[in-house]
Amino acid sequence: MLNKSWPTMVAVAITTLTAACAPAAPASRPESSAPGQAATAPSRPSRTLVVGARYEPVSLASRSPREGNVNVYIPKAMFNADLALLDENGNGRPYLAETFPQLNTDTWRVFPDGRMETTYTLKPNLTWHDGAPLTARDWEMTWQAFSVPGLGLRGVPPFSLIEGVSANDDRTFVISWKQLYADALLTTYNRELSPLPSHILGPALQADQGENFANDAFWTREFVGAGPYKLDRWEIGSFLEATPFDAHVLGRAKIDRVRLNFISDQSAAMASLLAGEMHLSDGSSIGAVEALLFNKEWEAGQKGSIILVANQWRGVHFQQRPDISTPPALADQRVRKALAHALDKVSFNNALYEGHGIIADSMISPRSSYGDVVDRTIIKYPYDPQRTSQLMAEAGYAKGTDGVFTSPTAGRFSSDSKTNTGRDNELERDILMGLWKQEGFEFQGSVVPTALATDGETRSTFPGVFTTSSTLGEGALSGIVTSNIATPANGWRGNNRGGWSSPAYDRLVAELNNTLDATQRGQIIAQAVRVYSDELPVITMFFRPLPFVYVAGLRLPMGVQLEDGGTEPQIHADGRRFSQRRICVNLRSSAVPVTLPFWGSNGGAGTG
């Protein structure tokens, strides 16, 4: 199924959690047992779900000192548990938490000086994968770890806004905030403050708060979490395998084993899927261009399904660091705006994605509650070659005899256009350079190899422009503030890769974090996006479609549109039948049953 109008999705995470799935049809009644003998349940073969993942995670923890710069959704959700999950309406529902803070009660107190406190109560009898109790003191230690200056998280929200975390008892802890923070509840379900096991990391943190702590084997092959799956085996560079966590707070997952194969080559991933060696892709292991090429044959032969999910803010980031930027003219807003007007986004989208991308002017979805006010405020850059020439003339450039812009002082305009390796990315880069070339801009193309795709320094020290993806919505606003600039001091972890700094923008984002009223927040967001669109550190192109390719029989429903314009599907399983399983595609925790027949003569799945 190729859905042409799938709504913009935010933070797509396909994972094998467990939830209250609709029950499968009951199995046939077992044969009667002899008198006095207990009835035995029919056995069922072990199942392995094989997932293709393009990027190997740097760490399995939701947050860690070994932060990567590429989202790896599936393992994060498989191995970690948070205080809350989101339902189909975008509302938080208890996960590890028993109750949430409520404004204007003792659980969410706002003080006259602008500080506030939020109190969280945990469900009883929580445990880690190794059987140790999971308590409020784990959050206390987690905050201590994340607040260490050398670990690179202290300067970004929400960590920069937290004064401290303290455990009242085993089931209750309090977060003390330095100021009002409207998104305080986001820390419960967006993996910003997911717990870490204090019985493992506490002694290590006390002994060493530097490189040894950051490089501890816990973060990778010895990881212990509280999510629905626990790590069984990890062959670095090849695959990892996981089995259900019997004591998971929401119940035992019914898929017996999940195997994540790390396949950096997208053509190889498609071949693996076609050969039946892989059951689903993770949105990055197979590119949209390749998926679209295979789509007609794929569906005609009933081999599987393709769903395009536009969940990424795709943009061209300009290098703003003066010691790196080449040419220096990229620091001139007029030049950046000229480049924006030189892009025909409609033709771009049609040529690359057959029109399935959602053309955008900012990181804020037009479907969000703030979409209208942002749309009225933002500065837009429609395709306009004449305006491009005017702006370049104002910057001191004119086209030479070869059609390329040249300045009497700066010389010929020539720069580098970089992207991550991959067919989609490289075709996108080539089309981008072609469109710019016909309007007078010369670019040379380069790629970041897969092995360096999660390296923050590589992704931040590009000389010209870098076309890449980021989260969209309000989260993207905080991603490009000055405090989030990737630097050696923070281990190159910041999402502000181009090094853009705007005091006016920073003030507005800080005000946004300090504003609780929804109407006022919308106005501030619109002002912040206006500053962004005027200074133009990033040319927004579109919300990029990611292909989730599934084997025959798995059907995903249309997503439920949320406040931010997105959905977050999560896969749950209830395996009670021999020939098929019922899979729950959890749209932010609302279980929607669909059927996935497992193929093969014995009903087994894959190679496991």
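Where is the place of His 356? His 356 sits in the loop between α8 (345–353) and β15 (358–359). Helices (H or I, at least four residues) and strands (E, at least two) are DSSP runs, numbered from the N terminus. His 356 is buried, with a relative accessible area of 11%. Buried means under 20% relative accessible area, exposed over 50%, and partly exposed in between (1.4 Å probe, protein chains only). Ala 288 is 68 residues from His 356 in sequence, yet their C-alpha atoms are 9.5 Å apart in space.

This is a predicted model, in which local features need pLDDT of at least 70 and side-chain atom pairs count only at pLDDT 80 or more, while totals for chains, interfaces and linings use all residues. Residues are numbered from 1 along each chain as its sequence is written, and side-chain values use heavy atoms, with hydrogens and water left out.

Now the whole chain. The protein chain has 15 helices and 25 strands. Of its 608 residues, 57% count as buried. Take the contacts (heavy atoms within 4.5 Å) between residues at least 6 apart in sequence: 71% join residues at least 24 apart. The chain exposes about 24,000 Å², and carbon and sulfur atoms supply 48% of it. Accessible areas come from the Shrake-Rupley method with a 1.4 Å probe; for residues, only the protein chains shown count as cover.

Next, a helix pair. Helix α2 (residues 136–146) packs with helix α3 (residues 198–207) at an angle of about 35 degrees, their axes 10 Å apart. Axes are lines fitted to C-alpha atoms, for helices over the stretch in contact, and angles run from 0 to 180 degrees between N-to-C directions. From α2 come Arg 137, Asp 138, Met 141, Gln 144 and Ala 145; they meet Ser 198, His 199, Leu 201, Gly 202 and Leu 205 of α3. The residues of this contact divide into 4 nonpolar, 4 polar and 2 charged. Ala, Val, Leu, Ile, Met, Phe, Trp, Tyr, Cys and Pro count as nonpolar, Asp, Glu, Lys and Arg as charged, and the others, Gly among them, as polar.

Last, the rings. The whole structure holds 16 aromatic pairs. One of them joins Phe 146 and Phe 159 edge-to-face, at 5.3 Å centre to centre and 70 degrees between the planes. Phe 146 lies in helix α2 and Phe 159 in the loop between α2 and β8 (162–169), so the pair ties together parts 13 residues apart in sequence. Both Phe 146 and Phe 159 are buried. Rings of Phe, Tyr and Trp (its six-membered ring) pair if their centres lie within 6.5 Å; planes under 30 degrees apart count as stacked, over 60 as edge-to-face and the rest as tilted.
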